[in-house]
Amino acid sequence: MFIPPEICGKIADEIRDNSLESQRHKKKKEWDRENETLVALTLVSRTWMREAIRALWSEIFITERKTVELSDASASRILGLLRDPETHYATFLRRLVILHPDPSFGLSTVSAGLASTIQQIISISTQVQCLRIYCVNRTTLVLNHLSSLRFPRLRTLRLGVLQSNKEEQQHLATFLLAHPRLQETRIKKGFGLFDWSSLQKSNPLPELEWFEGRLSQLRLLSSSQHLQRVKCVNEVDTFQFISELSYWSNPFAKVTHLTISSAYIPFVADVVRALGKTFPSLQRLSGVQISPDFLTFMGSKLEDLSRCLPQLRQLYLTETKCGKSHSMSWGDAFLTADDESMKNAFSALRRLFPAIEFAQNYRRNRFAGASKTMKFFYSSTSYRAVLTEKRRSSPEPAVAVEDE
């Protein structure tokens with residue numbers, strides 16, 4: 001049966017998952033499974049081979065192998081194929097992923113030879129639209145090389161490259177300034193005293209829609225016309241978090257989703273006020289944590305704060321248990337609230353967030369490996385609570401549902 005080449009191409013493109021979520025988090029195993037199917041298609045016919053090869057080389061993973069020598073050999077083989085003038089594989093490449101994790105976990109490091117090979121691969125990948133690089137050693141070399149390159153089609157940049165000094169952060173800043181059409185940026189692992197606000201006069205990243213990094217790095221923006229989602233990482237404590245939020249005189253009016261990660265930020269009045277001033281249009285907030293003052297806060301006069309986040313519809317809280325009867329907050333233990341107290345507290349959310357539709361508290365036992373998830377669904381007159389417990393010895397969670 002004859003299948004037109006354009007249909008073969010569309011089928012091959014569907015096999016190679018290139019969704020936004022995939023671009024952010026696709027794993028090597030998923031990529032390998034896609035490759036197996038695409039390689040099989042190359043054996044069907046010449047038409048299938050041509051279309052499958054194009055999809056096959058649209059995305060490349062360069063990952064750590066068991067030894068440094070195997071990593072070097074694998075990357076060198078990829079470089080050779082990309083350079084081959086008869087294959088044109090480099091022109092197909094749209095997503096490049098380089099994953100070399102932290103050697104402190106017993107994993108191999110990036111050798112000088114491998115670093116050179118990676119640099120050459122990056123240099124000839126001029127058509128990439130998505131670039132993901134995770135690497136913690138030889139980072140100055142990687143960032144210095146990146147700062148000299150230009151990718152006219154680049155829209156997504158996800159860097160897990162340690163920037164531990166001003167020189168490395170300046171290399172990153174140079175790269176960002178050279179790519180104003182970026183729509184999504186992740187610049188995790190940045191430390192030091194680099195003044196990101198000094199970039200504002202150059203109007204960097206005017207089309208940015210999704211940002212993941214430290215709040216101090218967000219200072220580089222002089223305009224947030226398109227920014228809709230923010231993920232904060234590596235914020236040290238509540239005081240620093242609120243101080244960073246107070247930096248902006250003009251709020252991020254179009255940000256609707258905010259996630260707080262890798263930090264302990266409690267769900268308290270001061271945090272709600274600060275979020276309302278900086279992100280007044282939030283519809284989804286996740287990552288804030290249950291603190292010792294949670295029940296007291298929820299029993300206070302919440303109506304005074306109801307104007308802070310009037311559009312908030314979804315709230316995701318987290319809690320860490322450190323024993324049978326206690327939870328932990330920034331190293332301090334406090335008595336874990338019982339289910340009835342938590343249900344009463346969450347019922348008060350409608351006084352704090354007039355538009356609330358859903359709330360969740362994920363309580364994880366740090367030592368026992370068990371968890372309890374409490375979900376609350378709100379309507380204009382009532383709410384429904386769903387409690388799910390997962391025990392280490394039981395693969396199937398126990399679920400209880402209550403209406404109030």
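Contact here means that heavy atoms lie within 4.5 Å of each other. The structure is a predicted model. In this model, helix 1 (residues 5-15) packs against helix 4 (residues 46-56). On the side of helix 1, the residues that meet helix 4 are Pro-5, Cys-8, Gly-9, Ile-11, Ala-12 and Asp-13. Their partners in helix 4 are Thr-47, Trp-48, Arg-50, Glu-51, Ala-52, Arg-54 and Ala-55. By class, this contact between helix 1 and helix 4 consists of seven nonpolar, two polar and four charged residues. The axes of the two helices are 9 Å apart and form an angle of about 35 degrees. The crossing of helix 1 past helix 4 is right-handed.

In soluble globular proteins, nonpolar side chains tend to be buried together. The largest nonpolar core of the model contains 103 residues. Within this core, Phe-267, Leu-315, Leu-349 and Phe-353 have the most contacts. When neighbours within four places in sequence are left aside, Phe-267 is in contact with Leu-315, Leu-349 and Phe-353, and also with residues including Val-272, Val-288, Phe-294, Phe-297 and Met-298.

The structure holds zero disulfides. Cys-130 has a relative accessibility of 2% and therefore counts as buried, the limit being under 20%. Cys-308 also counts as buried, because its relative accessibility is 15%.

How values were computed. Residues numbered from 1 in each chain as written. Predicted model: local features only at pLDDT ≥ 70, side-chain atom pairs only at ≥ 80, totals over all residues. Heavy atoms only, no water. Core = buried A, V, L, I, M, F, W, Y, C linked by side-chain atoms within 4.5 Å. Buried < 20%, exposed > 50% of the residue type's maximum accessible area, 1.4 Å probe, protein only. Axes fitted to C-alpha atoms, helices over the stretch in contact; angles between N-to-C directions. Helix = DSSP H or I, 4+ residues; strand = E, 2+ residues; numbered from the N terminus. Left-handed = near helix turned anticlockwise from the far one by under 90°. Nonpolar A, V, L, I, M, F, W, Y, C, P; charged D, E, K, R; others polar. Disulfide = S-S within 2.5 Å.
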